[in-house]
Amino acid sequence: MSAPVPPPQANMGQPIARLEARAKVTGAARYAADMPVTNPAFAYLVTSTIARGRITGFDESAARAVPGVLEVMTYRNRPPLQPIKHFLEGGSALTGAVALADANVTHEGQIVAMIIAETFEAARDASHRLALRYRRESPAATFGSRGVVVQRTAEVIPMRKDPSLGNADAALKGSAVVHDAEYATPTQHHNAMELYSTTAQWLGDELTIYEPSQFVYGLRAGLAMQLSIPPEKIRIVNDFVGGAFGGKGAVTQRTALVALASRALGRPVKLVATRDQGFTISGHRHETRHRVRLGATREGRFTAYHHDLWELNGRSDAYVNTGIDNSAAMYAFPAVMSTARMVRADRDPPIFMRSPPEVPVMYALESAIDELAFKLAIDPVELRRINDTQKNWVTDKAYTSRSLMPCYDAASAAFGWKNRNPKPGAMRAGDWMVGWGCATATYPTQVSPAVARVRLSADGSARVEIAAHDVGTGAYTVIGQMVAECLALRPAQVAVTIGDSVLPPGPVSGGSVTTASACSAVKLACDQILAKLGIAADAGDKQRAAAFDRLKTGAIEETGNFVPASSESKTTAGLYKGSVDITGGPNAANGAKTMFAFGAEFVEVRIHARTREIRVPRIVGAFAAGRIMNPRTAHSQLMGGMIWGIGSALHEFTEIDVREARYINDNLAEYLVPVNADIRQVDVIMVPEVDNEVNPVGAKGIGELANVGTAAAIANAVFHATGKRIRELPITIDKLIMG
Ligand code: MOS
């Protein structure tokens with residue numbers, strides 16, 4: 001299906017093609033593992049086959065006898081490593097657990113050895129010949145397993161308070177209509193096309209790492225601490241990232257091991273973890289359980305919202321998403337009660353993945369709203385309209401802008417919602433039951449400090465440098481466009497360099513902050529250049545050349561240090577140390593308002609009356625996200641988000657062997673993602689919106705907006721088609737046939 005290039009509307013930039021498009025389609029773009037190094041050795045990971053217990057012995061002789069094997073690294077001979085802090089403790093690590101620390105095994109697929117050899121094949125062969133003996137204990141795999149430990153999240157992580165408002169118990173009891181149901185979402189894995197890889201090269205005491213990363217400064221800082229060397233001695237390079245989705249944001253155990261091996265051998269070492277190893281060495285989206293209670297008046301006015309959340313965790317690290325602070329901000333809820341709990345099991349540490357809290361929490365809430373609408377016999381769009389709000393009721397802070405209902409109106413008109421027969425099972429097309437459903441998409445608008453260096457030459461060429469990352473989203477392009485726009489240049493006059501820790505620090509490419517943060521820093525640098533030149537932003541070539549002549553210089557270089565008004569930080573100093581400082585959404589600092597982007601998604605499902613085969617012939621999404629920097633790349637992001645959402649609803653599901661706490665379908669043959677044959681018509685509508693308060697650029701992040709709510713829209717459509725409500729993702733044929 002071809003994606004038309006949307007013409008720009010009000011408050012939208014030009015839909016230019018990606019700067020790196022040609023390099024990518026011709027194969028000229030070099031990803032981290034493609035970077036040439038001289039005489040590399042190849043590493044191969046060995047991961048545990050048990051989930052809980054101890055290694056009682058190794059027999060390395062057969063592995064070491066494989067021709068070309070250089071080293072077998074285990075906890076017994078691993079050079080020293082220092083621990084680093086987890087993401088939620090102010091660090092940037094996936095886990096505080098040190099790699100190859102001792103004989104303990106705390107999850108299936110844990111790195112227990114790394115083999116280094118002259119060739120990849122020799123290292124892999126040796127990995128199969130390395131004999132390990134274990135003393136196995138019975139693991140707890142998931143919710144309900146014997147041995148899990150349940151904790152109140154707010155007690156373990158005090159900053160994750162449970163949102164509450166008013167007397168929600170009394171409000172629920174006094175409600176004319178109450179909906180009360182439980183929802184569940186599964187384990188999912190990022191599964192970017194590009195595998196997890198690390199290449200390390202030392203030159204004296206200086207280390208270069210080629211690794212796909214969403215956070216080169218965070219990786220540099222974490223690795224420096226692990227190796228006890230100054231961060232300035234480390235350079236992290238990744239010009240291109242082949243998809244990340246949250247799986248490449250944290251420091252994982254492999255990087256330091258590869259660096260140590262390279263130092264010990266005195267030559268570069270390259271590791272490309274296999275697809276199945278990627279399932280246990282770089283995090284995942286953990287499974288969640290929800291109990292949602294909604295109260296309303298007969299007229300459909302919400303009276304109370306209760307949300308109880310359970311998130312599955314490993315034992316080693318306290319990682320949670322929570323997210324009820326977001327869902328509680330969605331509508332005019334006069335009373336809110338919530339509890340978040342973490343459930344500790346013998347599993348690898350989870351991490352953020354594609355709208356981490358919003359996807360599960362909004363699936364639960366937006367399903368519950370549809371169920372309540374059915375009970376009330378009110379159209380689900382109208383129920384949301386009745387409860388629309390321009391403030392966050394929990395914090396009593398207004399939205400900077402909120403175009404939820406304009407999105408509903410645009411998408412429902414394009415979809416033809418008015419032709420819907422509300423009765424479940426009433427719409428049919430031959431052998432297919434037809435269902436129409438809708439739900440709200442949302443994502444907190446967040447921003448981070450960032451530093452950008454811009455150089456403008458007298459001939460009108462410019463260069464921008466920032467250690468931001470393009471994870472496939474179009475960051476190169478919009479950063480270049482921002483320079484062109486600020487300095488009245490053509491995009492082709494701007495060279496963009498990102499993805500390298502020698503550049504000024506950008507933020508972690510997470511939380512959909514890159515565009516707003518990087519472009520705000522770029523704008524500052526450009527404004528400083530214009531001030532030095534004494535010319536206006538729209539000065540032409542002649543005026544610019546004359547200004548350079550006056551100053552008797554050929555080029556001006558300026559660094560923009562951007563710190564958001566809503567940030568806890570006063571300076572950009574923390575960025576250089578790899579600190580994460582993301583602010584925004586429902587609870588930004590310094591009295592900031594509530595900041596979110598919104599959308600509305602409408603889905604048609606067709607379910608075969610006999611086989612229950614599920615198809616999604618069309619989906620329409622309308623989104624409002626402040627300034628749209630580039631309608632072409634934005635269109636791709638929003639379309640991609642809805643396709644993720646279809647995957648989340650119908651395909652993506654990591655199955656677990658609960659006896660062994662082991663992932664079963666750890667490959668792309670059995671871990672299903674939507675492919676071309678699954679995706680038919682995907683329509684993206686961009687609703688113009690102006691918001692000058694969110695950040696200096698006026699842009700809201702869209703990288704994680706469009707896959708929020710999609711699963712609920714599909715579940716709601718499935719109910720409309722069949723009269724059957726599926727409250728556990730993914731929605732599969734067996735669930736529709738049984739029960
Ligand atoms: Mo993204 S899950 O915010 O790295």
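**Figure 1. Phenylalanine 240 is buried, with a relative accessibility of 11%, and pairs with tyrosine 31.** Buried denotes under 20% relative accessible area, exposed over 50%, and partly exposed in between (1.4 Å probe, protein chains only). The model is predicted: local features require pLDDT of at least 70 and side-chain atom pairs pLDDT 80 or more, while totals for chains, interfaces and linings use all residues. Residues are numbered from 1 along each chain as its sequence is written, and side-chain values use heavy atoms, without hydrogens and water. The structure contains 24 aromatic pairs (rings of Phe, Tyr and Trp, the latter by its six-membered ring, with centres within 6.5 Å; planes under 30 degrees apart are stacked, over 60 edge-to-face, the rest tilted). The rings of tyrosine 31 and phenylalanine 240 are tilted, at 5.9 Å centre to centre and 50° between the planes. Tyrosine 31 is partly exposed at 23% relative accessibility.

**Figure 2. Phenylalanine 279 and tyrosine 671 form an edge-to-face pair.** Their centres are 5.8 Å apart, with 75° between the planes. Phenylalanine 279 is buried at 1% relative accessibility, and tyrosine 671 is buried at 0%.

**Figure 3. One aromatic cluster comprises Tyr408, Phe415, Trp417, Trp436 and Phe602.** The charged end of arginine 618 sits over the ring of phenylalanine 415, 3.9 Å from its centre. Such placement requires NZ of Lys or CZ of Arg within 6 Å of the ring centre and within 35 degrees of the ring normal.

**Figure 4. Arginine 402 places its charged end over the ring of phenylalanine 598.** The distance to the ring centre is 4.6 Å.
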